[in-house]
Amino acid sequence: FLARLDPDGAFPGVCKAPIVSLKEVEALRTVKNRVRLGRVLSIEADRVILERGILEFSASDTLFVDCMAEGFYGYGNFSEEFRVFEPGRINLGPLFIVNNPSFSSAMVAYVESNFFATSVEEELKKKNSVFFLLKGRYGLGTPATLLGGFYAQMKTVNALMSLHPRCIRFLLSSRTNPDSLNNRGGSVLSLLWAMFGPLQLDKKGKQFLKKIDDGGFSDIDHHFGVGR
């Protein structure tokens, strides 16, 4: 479930994709006393020091819960030299599917067990079959990260379809894919209707990729370290 905690507030500057249900979002929205003074710098005996102010409290009836997560939960700590597939070795960690480590790992297993490189060229294709967000200046943990995640996901799916066309059966049936036909209870016909019918999801997806590739977003001057 994707939602803003405060729909009527300032546009959020952070997006780290925690798992949350609709009921949990509704409960969080009941919190009325919100403090918007930036990040916490330190907590003293009777006050919290923030970037833009101080919040006093009573130690006898106050409990602090640290819900911060640095480095995008570790899923964005990968340099441009990082490779998932190496000779005799598989390196797990990055997300190829938006906010879904299980399906990302399942895709690695599928590629390794179904694609056998017999030449240097094929080995290179295998290495370049998965796309993920890189650390650096690519805005990990911001709302733009969501765009980058979808960009990486679509690039990965397109690469896998080119590398091993039969992977479509895996993509549409994997239990780790929340959008699979098994989990959605849909059919191939309904999928085709969504892709090529009035919704035009296939066309919109291609337009989205082209917009990122062409620098079509005025406030995004990169490809999230993904485009190659």
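Author: What follows takes some labels one by one and sets values against definitions. This is a predicted model, in which local features need pLDDT of at least 70, side-chain atom pairs count only at pLDDT 80 or more, and totals for chains, interfaces and linings use all residues. Residues are numbered from 1 along each chain as its sequence is written, and side-chain values use heavy atoms, with hydrogens and water left out.

Reader: Why is the pair Arg34 and Asp6 called a salt bridge?

Author: The term requires a side-chain nitrogen of Lys or Arg within 4 Å of a carboxyl oxygen of Asp or Glu. The closest N and O atoms of Arg34 and Asp6 are 3.2 Å apart. So the pair qualifies. The whole structure has seven salt bridges.

Reader: What makes Asp6, Arg34 and Arg36 a network?

Author: Salt bridges link them. Asp6 pairs with Arg34, and Asp6 also pairs with Arg36, at 3.6 Å from N to O. Arg36 sits in the loop between α1 and β1, and Asp6 in the segment before α1, 30 residues apart. Helices (H or I, at least four residues) and strands (E, at least two) are DSSP runs, numbered from the N terminus.

Reader: Why is Arg36 called exposed, and Arg34 partly exposed?

Author: Buried means under 20% relative accessible area, exposed over 50%, and partly exposed in between (1.4 Å probe, protein chains only). Arg36 has 56%, so Arg36 is exposed. Arg34 has 39%, so Arg34 is partly exposed.

Reader: Why is α7 called oblique to α8?

Author: Their axes cross at roughly 50 degrees and come within 4 Å. Axes are lines fitted to C-alpha atoms, for helices over the stretch in contact, with angles from 0 to 180 degrees between N-to-C directions. Under 35 degrees is roughly parallel, over 145 roughly antiparallel, 65 to 115 roughly perpendicular, and the rest oblique. Therefore α7 is oblique to α8.

Reader: How do you know which residues of α7 and α8 meet?

Author: Contact means heavy atoms within 4.5 Å. Ala194, Met195 and Phe196 in α7 meet Leu201, Asp202 and Lys203 in α8.

Reader: What makes a group of residues a nonpolar core?

Author: The members are buried Ala, Val, Leu, Ile, Met, Phe, Trp, Tyr and Cys residues, joined through side-chain atoms within 4.5 Å. The largest core here has 20 residues, and Val84, Met107 and Phe132 touch the most other members. Helix α2 gives this core its largest share, five residues.
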